[in-house]
Amino acid sequence: MSDAIKTYIKKARTVLEKNQVPGGAFTLPSGNLYPHQWNWDAGFIAIGISHYDTDQAIRELRRLFSGQWRNGMLPHIVFNPDGLGGYFPEPDFWQTELSPDAPGDVLTSGITMPPIHAYAALQIYENAGRKDRVGPFLEWIYPRLQDLHRFFYRERNPESNGLACIIHPWESGMDNSPSWDETMNHIDLDTVQLPAYQRKDTGHVDSSMRPTDRYYDFFVYLMELFKRHNYDQNAILKECPFQVYDPLFNSILCASNESLASLAAMLGDRDGEQEAREWHEQTSKAISGHLFHEEHHLFDAYDLVGRRHLEIDTVSGFMPLFGGGAKKEQVDVLYSHLNSKSFCALHQGNCFTVPSFDTQKEGFKRENYWRGPVWINMNWMLYKGLRRYGFRQKADSLAKNILELPMRSGFHEYFDSFDGRGYGSRDFSWTAALFLDVAHSNYLKTGRTGLLKRLGRVLWTRVPLNTGRVDGGKHPENVSQQMLSAIGELRDRYYRNDGTVDYEALKNSDEYARYRAVAATLRQVDPGSLGEDRQRLAFWVNLYNTIIVDGIIALGIRNSVKEVIGFFRKLSYRIGGHSFTPDDIEHGILRGNRRRPGGLLRQFGPLNSRKQYMVERPDPRIHFALVCGSRSCAPIKFYSPGRIDEQLDTAASNFINSSEVIVIPGEKRVLLSSIFNWYGEDFGGSRGALEFIERYIVDDDKREFLRQHKDEAQVDYLYYDWNLNR
Ligand code: 9WN
């Protein structure tokens, strides 16, 4: 792991520690602006903390659930008796004692929020070093989670279709989202009588970053209605002008239903498992059936009072990716919408994904709360969702932003989508917590493969892979072409667009059997007949990539090529009477006979006849085209001699604009993939690497920084993820 990441991990933990109340019972969203415990914040915070302090993560959720109402509702705020006076609205304004369901001994608000908690509880279990320590907690929280979900299906499911409705913008978590404007505008707020109240938020944060006073009137107007009905859900639904099915809320409910089912299974509650699965099924069907808007290419919130879709382009509309509520045919359309200029496309340059509102629409505001800025929790859910649906490259770019934004600007509440500036509260807990989740999951995983497992097998001698019977009828000069087409067949069926490989399916396929038959004929090929560099490059790069895949299958590798010592040195193909290992191809042929990283000697000795096959002009871009069966290396692609130059450029650009290269101009710091360290010689040292990066990086400010400050920039190298690219 890079020291730089370690530094920020420490900073993130410090933010969370600083935001803990004295005694450590729970963590505030932020010290000044939000001096109480918030509902979904607690879920995100627990997920982040669970990577290093299971007990504290558990404490967060226990404290939150101490405020659960008798009807199962989990309030959006559980007040901190020591923090009263610093926020509006507080218990005196909520008057939840009007409800027989409110707890007598804990002060809470009277509405709820997106139920991320079953999801968080399962994460606590999964991230725990000692799982046995989590058992009692799971037994404690499980029935409470059930009560919470039952509340939604019983009291907030007015059409019995599995969609939970929200009754206040605060319940959405996206308080002043442009989606709510129309409903607000329907109410004549100038004529209604509202009690006097005083906002506290704008005392801490510039009002340009917060909701308008009119929005606050709307918030208060709804609260008054709830109080009038003593928080009776049925009565509220009869009269409330704000009743909405929100894609974000329902997607979180869906994701949590899945986790609840897993928890039920772990605890041996079959009926509970069945119940949670049915909820999941019902809600995800209803999301895809009722909320997807074909022409809008988005999931829209639905206004139950006005009975219409709210066709507003907010980040909420992509959230069915997180909860699994998007159907296959909806996903591609949704993805194109997400990966567009409106929401910051891959490699667009000068933007950070994913802003909360369409950057191209009127009303987009760079700094105003839920009307434009990038929020880390939204990106985190989409990052999980994009992975779930197989969009690895995009998921990776979101992960990169989740790390990069706080590294550039601090752990702010939200960020400018164009220049990354931080807004809102300064040291915001869920920003730190979800930063930690991404950092731990992506950069701290070496231990997971297990040292013993990794040392499990040693290849002492060369292991030839292309040993099958040679079909005598084929002409050797055609083999290269046949290899390319056999690899093409493998690529078409088993190499996914996102650069991963379906090894299981590939192994038993006819295409693989055909490929092996052609690979056997390589033994009769004269690589000297390959002609110019472009042909050599394409041939050897493709061959290298295929040997790796072939080796992973032949050796039955499960988690990482590191399981087999000597993988790159001993696997081999016989070609034209010579034996070639991946190292021979990479360091001998493609790198112009250099030493492998850590090696003492050049790959081929002075008299080695294989030197005749070397490419004439080694090209450092090969490092972004050679796969090594690992997540951190290049995604697998097929290279053709006619297009290799352009393809290598694309490979380099994809890599350099991924999370393998993080440029933080404000700190004059650059974090680079270890590839730039291992092959420093090919790039001309770290200065050469920065020049190389400058050529490909798409953001103007980063390019400008590299142009001006290459020599002062501090370069660190990132942890390399050797886990298999399955
Ligand atoms: C009202 C605490 C909460 C978040 C919400 C965010 C903001 C509160 C406020 O802060 O809302 O609930 O006072 O603005 O919109 O998502 O949970 O961090």
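This is a predicted model: local features need pLDDT of at least 70, side-chain atom pairs count only at pLDDT 80 or more; totals for chains, interfaces and linings use all residues.
Trainee: How many residues surround the ligand, and which are the closest?
Mentor: The ligand is surrounded by 16 residues. The closest are Asp41, Tyr87, Gly173, Asp175 and Tyr369.

Trainee: Turning to the backbone, which residue does a cis peptide bond join to Phe88?
Mentor: Phe88 is joined to Pro89 by a cis peptide bond, with omega about -5 degrees. Pro89 sits in the loop between β2 (77-78) and α4 (91-94). Another cis peptide bond links Thr353 and Val354, where omega is about -25 degrees. Val354 belongs to the loop between α14 (328-338) and α15 (376-388).

Trainee: What about phi of Tyr231, positive or negative?
Mentor: Phi of Tyr231 is positive, near 60 degrees. Tyr231 lies in the loop between α9 (213-228) and α10 (233-239). Most residues other than glycine have a negative phi, and most peptide bonds are trans.

Trainee: Now the helices. At what angle do α23 and α25 pack?
Mentor: Helix α23 (residues 533-554) packs against helix α25 (residues 582-590) at about 155 degrees, and their axes are 9 Å apart. The two helices are therefore roughly antiparallel to each other. The crossing of α23 past α25 is left-handed.

Trainee: Which residues meet there?
Mentor: From α23, Leu537, Trp540, Val541, Leu543, Tyr544, Ile547 and Ile548 meet Pro582, Ile585, Glu586, Ile589 and Leu590 of α25. Eleven residues of this contact are nonpolar, none is polar and one is charged.

Trainee: And how are α6 and α11 arranged?
Mentor: Helix α6 (residues 135-155) and helix α11 (residues 247-266) pack at about 140 degrees, with axes 11 Å apart. That angle makes α6 oblique to α11. Here α6 passes α11 in a left-handed crossing.

Trainee: Which residues make that contact?
Mentor: On α6, they include Tyr142, Gln146 and His149. On α11, Ser256, Asn257 and Leu260 are among them. The contact of α6 with α11 has eleven nonpolar residues, four polar and no charged.

Methods. Residues are numbered from 1 along each chain as its sequence is written. Side-chain values use heavy atoms; hydrogens and water are left out. Axes are lines fitted to C-alpha atoms, for helices over the stretch in contact, and angles run from 0 to 180 degrees between N-to-C directions. Helices (H or I, at least four residues) and strands (E, at least two) are DSSP runs, numbered from the N terminus. Angles under 35 degrees count as roughly parallel, over 145 as roughly antiparallel, 65 to 115 as roughly perpendicular and the rest as oblique. A crossing is left-handed if the near helix is turned anticlockwise from the far one by less than a right angle, and right-handed if clockwise. Contact means heavy atoms within 4.5 Å. Ala, Val, Leu, Ile, Met, Phe, Trp, Tyr, Cys and Pro count as nonpolar, Asp, Glu, Lys and Arg as charged, and the others, Gly among them, as polar. A residue is near a molecule or strand if one of its heavy atoms lies within 4 Å of it.
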